[in-house]
Amino acid sequence: MLFDSVTTLHGVGAARAKQLEALGIRTLYDLIAHFPRDYEDRTQLRRISDLTPGTPSCFEAMVISQPRNSRIQKGRTVTRLSVADQSGRLNLVFFNQDYVGKMLEYGVTYFFYGRLEEDFSRMMVNPVFERQDQPGYLTRRIVPVYSLTASLSNKLLSKTIAQALDACCGQLSEILPATLRAKYELCDIGYAYETVHRPASFKELEIARRRLVFEEFFIFSAGLSLARSKRIAKPHAPYADLDMEPYYAALPFSFTAAQRRAVGDILTDFSSSKPMNRLVQGDVGSGKTVVAAAAAWCCAKNGKQAALMAPTGILAEQHFRTLAPLLSGFGISTLLLTGSMGAAAKRDAKHAIAEGKAQLVIGTHALLTGDVSFSNLDLVIADEQHRFGVGQRAALSAKAENPHLLVMSATPIPRTLALILYGDLDLSIIDELPPGRMGIDTFLVNESYRARLNRFIRNQAEAGHQVYIVCPAVEENEETSRKSAEAWAAALQQTVFPDLRVGLLHGQMKGLEKDAVMGQFAAGEIQILVCTTVVEVGVDVPNATLMIVENAERFGLSQLHQLRGRVGRGQAKSYCVLLSDSKNPETRTRLKVLCSTNDGFRIAEQDLELRGPGDFFGRRQHGLPAFKVASLSCDLDTLKEAQDATRDYLGSHSLDDPALTSLYDRIRSLFDEEDMIFN
């Protein structure tokens, strides 16, 4: 019953099932696990005289006029009537709801829920209503608000979920044992699901929600713990030669203290009998790449191969141009393998990799293809960790026998949160920039500065520099005021800068097309690149000196910081301009944080505090599981309890204990990445 199709429910045919499937709902369990995104408190009754324009409210009133139907333009209809209570009267208007005239009877009292019009304080449009003598379903209760899709109303989805709850809520299985529920004062699973959809009070709702949050965090923590247990259970022969001084001495620059600490952590891993699984986290420009090169150098010196996987071909080529000459002085051969290479070049590269002639292989997803085999791969490096899923990292690791894994991220995360989120990885932080790195002046302006900004763009281009302009959308949308990359690039080229070379780059373009555009920009053939956040991780263009972000309020601070890091890579002074017409004080305060500092870790702390990790991390490419209920900003205390419970629970069970079977199933479902836990 629990995993029966939704079509077993009354009123759910093929068309309705298709609408539900658009929300990822196929079974009865999917329905009851589609939790509300918000709640409306319709329990507090107000008098008509106390209703506030713009504020949704519930009130009791009698119909004091006969409903009148009339037709307006384009065949639409409108129904008008008046209602009153002891404090006053109110006009109600219903558009295209002719049936209201038959349902609302003169002289009968109803409960209504709606919002007074801002400009017409004595009028309410399309309120919901129920008779006074009927049980409250739309009024006098806490009403869940669900994520919806076209043609699927909140009322209809609520009733469908209610059917599913009645049919199968009692069949939910417990993964939290009774002793654990008692210790942490958690309700049982059936009560939690029932109450989160049909709460009688906000107190009961909080009890139910805490149980669901705890369970999600318990599964999350268990997944990370099992991943770590699997990893440390596999032996790895320690490296014999760990002397890095020849590497340091040959470099044309000095390592910062933070870089040396990160290399020291890596050497500690290399000297142990367990494979490394380390995240190196550093701000934009902190020098993570040369730390990765140090790891590859040590790996090669110990007779092994290393592979560095970058998220784009252009970035892989950039790494190759940087590292190949650096390592060649030590007699270390570096090879490039990307999807854009010709067939003959790919064939030769794969042959050299298989023969062990390449000691460091730099590439893209092309490294994951089945026909790429290594001679003695022992170190896997994933650049820009948040761009690779766990399964992709595991696929590359599977080409070797238990290799070391080093993942790098240029997204600063507060250390405490990083330790929580990357519990399956050891953590090294590079929190120091190399000397000589210039700060980037950042400004927050509104549309009134557009003419001045265009003059500034032209000045930068005429001085021989290049400009990024980032838009929040790819295509135009009449329903939003967001700048679109396609339309804005066309407008700039045709009307504002017809004499300059304007390029376009966005995520919907094919990989080779994106690489070609970035290649043209890197070569100076494009002066102004209008793009989406696809350039958040991109090629190093030292000649780019100006970053402009349109509708900056649409982005998180950490993402804006990443975008800003695309400039300031050369000797010329660089600038970042955030454009926003938002008058929201909180929004402007948030954006001004970026104007006050270039410190990515400070920005990350502010971003997490102001926006929460949902916006902070973005979507699933950042490696976070898709929590349905839990919030990393609001529920950290519950997360800590769940982590403690996980340690106690797993500590008393062997990994092959049948009691863990249902937990394994839930871990697979949460992470959607079997390789993370079971490989």
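## Largest nonpolar core

The largest nonpolar core has 59 residues. Such a core is a set of buried Ala, Val, Leu, Ile, Met, Phe, Trp, Tyr and Cys residues joined through side-chain atoms within 4.5 Å. Buried means under 20% relative accessible area, with a 1.4 Å probe and protein chains only. Leu31, Ile32, Tyr193, Phe214, Phe218 and Leu663 touch the most other members. This is a predicted model: local features need pLDDT of at least 70 and side-chain atom pairs pLDDT 80 or more, while totals for chains, interfaces and linings use all residues. Residues are numbered from 1 along each chain as its sequence is written, and side-chain values use heavy atoms, without hydrogens or water.

Helices H1, H2, H4, H6, H7, H22 and H23 each supply at least two core residues. Helices are DSSP runs of H or I, at least four residues, and strands are E runs of at least two, numbered from the N terminus. H7 gives the largest share, twelve residues.

## Leu663 and a second core

Leu663 touches Ile175, Phe218, Ile219, Ala222, Tyr649 and Leu650, leaving aside residues up to four places away in sequence. Contact here is heavy atoms within 4.5 Å. A second, separate core holds 42 residues, among them Ile266, Ala293, Ala295 and Ala310.

## Helix H17

H17 covers residues 511-522. Its buried residues are Asp515, Val517, Met518 and Phe521. Gly524 follows H17, with a positive phi near 85°.

How values were computed. Buried means under 20% relative accessible area, exposed over 50%, partly exposed in between (1.4 Å probe, protein chains only). The expected span of a helix is 1.5 Å times one less than its number of residues.
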